[in-house]
Amino acid sequence: MSIITLTTDYGLKDHFVGALKGKILSEYSDATIVDISHYIDPFNTAEASYIISACYDSFPKGTVHIIGVDSEFNKENQHVAMQWNDHFFIAADNGILSMLSQKIIPQKIVAITIHDRLHSDATDLDVFVKVACHIARGGVLNVIGKEINSLKQVTDMQVILSDDGNQLKGNVIYIDHFGNVVTNISKKQFMECSKGRDYEVVYRNQSIKTILPFYSAIASSDKYPVKYYEGQKLAIFNEAGFLEIAIFRSNPLTVGSASTLLGLNYRDVVSIQFKN
């Protein structure tokens, strides 16, 4: 079984996703195609990187992941394929893959060089499909590209540890279906910096005093039912290992969410301040 996943900003209104799947099946009819998301905010590379990082390792090793976000080939964004953590990723070199692979060194990266082998009106999708199907059949990366040693690095929205080690400052990178606010501060970074110290999560002149192990842990007293705590703000490290600010049992369509009620949006600063 050869799996090819799709993460794009194409949406589902237009024909693009259907055309992409049709191209894959025309090239390699045995492929199993899995949609991860087609609702990445247009050209939002940070969101795309977060979404793929949160789920790629749920798939078997050897899975091929196509990332169709800001994928147009131009003088700044070459097309690349990367073998990383025993998975394969195909995208433009626009920061998505460098953000994804920050903590583990890629096994191999190639700049895709097959563009002149395709028909004259081939699109970026045609290139990605050709490469994905080649890899899914067991082909090696060197056949479709030239090996390179590094990816384009992103300096925007990096988590920063203050010089005195008392503050981790990050940004909101994603707002999920429930309106929960996900930051780029990881549990690993928190554990490395906290060293057992007390802390508080700070945003927009507000704070949360503790990070809970799971959502329902907000119901800390046996005197009240869980429902009593609905609507209270909380912070956890989510399943992907990133700091998340949420409203317990929120509904963005009715009572509101962490994003709307706390006024947090994409790129807003969130910090963890440690006390000595």
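This is a predicted model: local features need pLDDT of at least 70, side-chain atom pairs count only at pLDDT 80 or more; totals for chains, interfaces and linings use all residues.
Colleague: Which residues of helix α5 are buried?

Modeller: Buried means under 20% relative accessible area, exposed over 50%, and partly exposed in between, with a 1.4 Å probe and protein chains only; helices (H or I, at least four residues) and strands (E, at least two) are DSSP runs, numbered from the N terminus. In α5, which spans residues 187-194, the buried residues are Gln189, Phe190, Cys193 and Ser194. Seen down the axis of α5, these residues fall within an arc of 115°, so they line one face of the helix, the arc being that of the directions from the helix axis to the C-beta atoms.

Colleague: What covers those buried residues, and what follows α5?

Modeller: With contact taken as heavy atoms within 4.5 Å, the cover includes β8 (160-161), β9 (167-175), β10 (181-186), β11 (199-203), β13 (233-237) and β15 (269-274). Lysine 195 follows α5 and has a positive phi, near 50°.

Colleague: Is isoleucine 105 buried or exposed?

Modeller: Isoleucine 105 is exposed, with a relative accessible area of 72%, and lies in the loop between α3 (96-100) and β6 (108-112). Its C-alpha is 7.3 Å from that of tryptophan 84, although the two are 21 residues apart in sequence.

Colleague: How is a pocket defined, and what lines the largest pocket?

Modeller: On a 1 Å grid over the protein atoms alone, a pocket is an open set of points with protein on both sides within 12 Å along at least five of seven lines, and lining residues have an atom within 4 Å of a point. The largest pocket holds about 830 Å³ of space, and of its 34 lining residues the closest to the centre are Ser53, Met99, Leu100, Gln102 and Phe242. The elements giving two or more residues to this lining are α2 (45-55), α3, β10 and α5, with the largest share, 6 residues, coming from α2.

Colleague: What is the volume of the second largest pocket?

Modeller: The second largest pocket has a volume of about 250 Å³, a volume being the space filled by probe spheres set on grid points joined across faces, edges and corners. Of its 14 lining residues, Tyr215, Asn238, Glu239, Ala240 and Glu244 are the closest to its centre, and α2 and β13 each supply at least two residues of the lining.

How values were computed: Residues are numbered from 1 along each chain as its sequence is written. Side-chain values use heavy atoms; hydrogens and water are left out. On a 1 Å grid over the protein atoms alone, a cavity is a set of points where a 1.4 Å probe fits but cannot get out, and a pocket is an open set with protein on both sides within 12 Å along at least five of seven lines; lining residues have an atom within 4 Å of a point.
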